[in-house]
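Dear colleague,

Please find below the structure I promised to pass on, together with its sequence.

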Amino acid sequence: MGAGSTVHHEVGELAEDVEHGYGAVVTNSGRISVARAKEEEGPGLPFTPVQLTRLDEALTLSARATGLGFSVYLGELGADPRARAEELHTSIGHGSSESVLIAVSPGERRVEIVTGEEASRRVADRGCNLAVMSMVASFKEGDLIGGLVSALRMLSDQAGFAHTKR
């Protein structure tokens, strides 16, 4: 504003305020009160920091004990869940042969376990099926993190200890 110009607000005026937009009003004390629409928060993270720590610990311990790579994917798997899970497993890269992926789509009520070529020699389909059944039981109770941690333990127990090279 130039020198000598003034801004005049009537108390209770509901006109658009240039600086604050609609919903701003000058109160009797001269303070500007601004009302803003409450914006809905987007979907939050599915896990608390403590739960993420539990999952990270289970992934780390499983990998150390077995020498295999373990990954968890949580999200939509689409029209062909198995194909999408296999695509995700392949995206792991050069280590995918020695990796196990647990893919969970809670909204679609789907669970897929994909094992790489080397990992499948140590983690049989029967063991994967038992891990899936365990996860589903936990998920039905609303315990997503518990189901994932339990499945990781079951899969790593089945795979056995890592063979160290001498």
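A residue is called buried when its relative accessible area is under 20%, exposed when that area is over 50%, and partly exposed in between. Please keep in mind throughout that this is a predicted model.

By that scale Arg82 is partly exposed, because its relative accessible area is 32%, whereas Glu112, at 9% relative accessibility, counts as buried.

A search of the whole structure finds 6 salt bridges. One of them joins the side chains of Glu117 and Arg121, at 3.5 Å from N to O. Both of these residues lie in helix H3 (residues 117–122), 4 residues apart, which is about one turn of the helix, and both Glu117 and Arg121 are exposed. Salt bridges that share partners, in turn, join Arg82, Glu86, Arg110 and Glu112 into one network.

The other element I looked at is helix H4 (residues 125–140), which has 16 residues and reaches 22 Å from its first C-alpha to its last, close to the 22 Å expected at 1.5 Å a residue. Which residues of H4 are buried? They are Gly127, Cys128, Ala131, Ser134, Met135 and Ser138, and because they cover an arc of only 125° around the axis, they sit on the same side of H4. In general, an α-helix has 3.6 residues a turn, so residues three or four places apart point the same way. On the other side of H4, Asp125, Arg126, Met133 and Lys140 are exposed. As for what covers the buried residues of H4, this includes strand S4 (99–105), S5 and helix H5 (144–159). Just after H4, finally, Gly142 takes a positive phi of about 85°.

Conventions
Residues are numbered from 1 along each chain as its sequence is written. This is a predicted model: local features need pLDDT of at least 70, side-chain atom pairs count only at pLDDT 80 or more; totals for chains, interfaces and linings use all residues. Side-chain values use heavy atoms; hydrogens and water are left out. A salt bridge is a side-chain nitrogen of Lys or Arg within 4 Å of a carboxyl oxygen of Asp or Glu. Buried means under 20% relative accessible area, exposed over 50%, partly exposed in between (1.4 Å probe, protein chains only). Helices (H or I, at least four residues) and strands (E, at least two) are DSSP runs, numbered from the N terminus. The expected span of a helix is 1.5 Å times one less than its number of residues. The arc is that of the directions from the helix axis to the C-beta atoms. Contact means heavy atoms within 4.5 Å.
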